[in-house]
Amino acid sequence: MTFVVTDNCILCKYTDCVEVCPVDCFYEGPNFLVINPDECIDCALCEPECPANAIFSEDEVPAGQEAFIQINEELANEWANITEKKDALPEHEKWDGVAGKIQYLQR
């Protein structure tokens, strides 16, 4: 089992989760983070750290967001690893909680 970053991370990109990950399995894109499922050890430390509540266990991904399981796997193989906390995106407060942001995902 792995954890999955979902829709609400897009355009927020908080990195609190990155700081607590013991295996450095987060990868960073322009406006989104993903978890590499091959590296995630299912420790669950990241889930409560996400201010946007965008991280879920693979078997608890909200209905309608199942595509993010594949998106995390795919983009983790393309993006650079991130191991330290950074500032959230400039308009994160505006976008936190907005539904249906997949259209804004920058690959």
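**Fold and selected residues of a predicted chain**

Colleague: Take contacts in the protein chain between residues at least 6 apart in sequence. What percentage join residues at least 24 apart?
Modeller: A contact means heavy atoms within 4.5 Å. Of the contacts between residues at least 6 apart, the share that joins residues at least 24 apart is 76%.

Colleague: What ground rules apply here?
Modeller: Residues are numbered from 1 along each chain as its sequence is written, and side-chain values use heavy atoms, with hydrogens and water left out. This is a predicted model, where totals for chains, interfaces and linings use all residues, local features need pLDDT of at least 70, and side-chain atom pairs count only at pLDDT 80 or more.

Colleague: What percentage of the 107 residues are buried?
Modeller: Buried means under 20% relative accessible area, exposed over 50%, partly exposed in between (1.4 Å probe, protein chains only). By that cut-off, the buried share of the 107 residues is 48%.

Colleague: How far apart are the mean positions of the positive and negative charges?
Modeller: Lys and Arg count as positive, Asp and Glu as negative; His and the chain ends are left out. Each charge is placed at NZ of Lys, CZ of Arg, CG of Asp or CD of Glu. There are 6 positive and 22 negative charges, and their mean positions are separated by 10 Å.

Colleague: With which side chain does the side chain of E28 make a polar contact?
Modeller: E28 sits in strand β2 (residues 26-28) and counts as buried because its relative accessibility is 19%. Leaving out residues up to four places away in sequence, E28 touches L33, W79, A80, I82 and K86, among others. A polar contact is a pair of N or O atoms within 3.5 Å; within protein, one must be able to donate a hydrogen and the other to accept it, and residues adjacent in sequence count only if both atoms are side-chain atoms. At 2.8 Å, the side-chain partner of E28 is K13.

Colleague: D24 is not a glycine; what is its phi?
Modeller: Most residues other than glycine have a negative phi. D24 is in the loop between α1 (16-20) and β2, and is partly exposed at 32% relative accessibility. Its phi is positive, about 55°.

Colleague: And what is the phi of A44?
Modeller: A44 lies in the loop between β3 (33-35) and β4 (55-57). A44 is partly exposed, with a relative accessible area of 30%. Though A44 is not a glycine, its phi is positive, about 70°.

Colleague: N36 and P37 are both in the loop between β3 and β4. Is N36 buried or exposed?
Modeller: Leaving aside neighbours within four places in sequence, N36 contacts T2, C25, Y27, A76 and N77. P37, on the same terms, contacts T2, N72 and E73, and P37 is partly exposed at 24% relative accessibility. N36 has a relative accessible area of 6%, so N36 is buried.

Colleague: Which residues does A76 touch, not counting residues up to four places away in sequence?
Modeller: A76 is in helix α2 (residues 67-76) and is buried at 5% relative accessibility. Its C-alpha is 16 Å from that of A54, 22 residues away in sequence. The residues A76 touches are Y27, V34, I35 and N36.

How values were computed: Helix = DSSP H or I, 4+ residues; strand = E, 2+ residues; numbered from the N terminus.
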